[in-house]
Amino acid sequence: MADKDGAFDTHVASTYDERHGATSPDALNATVDTLAALAEGGAILEFAIGTGRIALPLAARGIPVSGIELSAAMVDHMRAKLGGANIPVVIGDMTNAQVPGPFALVALVFNTIDNLTTQDAQVACFENAAAHLQPGGRFVVETLIPPLQDLPFGECKRAFAADDDHFGMDVFDVAQQTYSSRHVWMTKTGTDTLTVQFRYAWPAEMDLMARIAGLTLEHRWSDWSRSPFTRTSRSHISVWQKPA
């Protein structure tokens, strides 16, 4: 029987900030600065709020923040942090869970759109974001550009970590537009493994998803410092707006 928290169970939640959520203070500040500016003083809803890596600094600035999160274990970890008990969170799927609103901004960061492993689910996520937005509100997504240019023709594996205590490899199925990230950590007591399934989508495909949801592209940057998006960008920050 599958864990109700999916891949992000109690064990993963307890190590998430250290292993997956490490962000430099400058990068974190740039993320929070940009989200706050896009919200223009309004309330923010974070899809996949997780352990509060982004929500807590936003709330500390006095911005009303709510969340949707599939994993209760991740939210429990956020609740243990300073201010975490004060953020309203609905435990549920970001493709259909509802939070009282409306909101000036819906945010989905850190490649989490890829955790939805079908196109239908990703479209539903866009539609759910649009349903939560006030007129003129914005949906912002941060995710990677599929690193397929790094793969020789016919190859399906790409190493992304080879440290003394951590190996990581992505395994792609380009026919299905999916991939899995496979981690192995070497600890004092043995090895710790995690495999997470993803679906990648190009920015142009996401623009079509946004159009289905009634949103239009307003901005696309390569990072949270709002650097221009170019053909060599490794990730994108895309902002779609609901008609006013």
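**A quick tour of the chain**

Helices (H or I, at least four residues) and strands (E, at least two) are DSSP runs, numbered from the N terminus. This is a predicted model, in which local features need pLDDT of at least 70 and side-chain atom pairs count only at pLDDT 80 or more, while totals for chains, interfaces and linings use all residues. Residues are numbered from 1 along each chain as its sequence is written, and side-chain values use heavy atoms, with hydrogens and water left out.

**The whole chain**
- You'll find 6 helices and 11 strands here.
- The radius of gyration (taken over C-alpha atoms) is 18 Å, which agrees with the value near 18 Å for a compact globule of 244 residues; that rule is 2.2 Å times the number of residues to the power 0.38.
- The C-alpha atoms fill a box of roughly 50 × 40 × 40 Å along the principal axes.
- Of the 244 residues, 48% count as buried; buried means under 20% relative accessible area, exposed over 50%, and partly exposed in between (1.4 Å probe, protein chains only).
- Of the contacts (heavy atoms within 4.5 Å) with a separation of 6 or more, 58% come from residues 24 or more positions apart.

**Helix α2**
- Helix α2 covers residues 25-39, and its 15 residues reach 21 Å from first C-alpha to last, close to the 21 Å expected at 1.5 Å a residue; the expected span is 1.5 Å times one less than the number of residues.
- Its buried residues are A30, T31, V32, T34, L35, A36, L38 and A39.
- The cover over them includes β1 (44-47), α3 (55-60), β4, β5 (133-144), β10 (216-221) and β11 (235-241).

**The loop between β3 and β4**
- T95 sits in this loop, between β3 (89-91) and β4 (103-108).
- T95 is buried, at a relative accessible area of 16%.
- Leaving aside residues up to four places away in sequence, T95 touches L116, A121, A124, C125 and N128.
- P102 is in the loop between β3 and β4 too, and a cis peptide bond with omega about 0° joins G101 to P102.

- Most residues other than glycine have a negative phi, and most peptide bonds are trans.
- F110, in the loop between β4 and α5 (119-132), has a positive phi near 60°.
- F110 is partly exposed, with a relative accessible area of 26%.
- Q177 has a positive phi near 65° and lies in the loop between β7 (166-173) and β8 (178-187).
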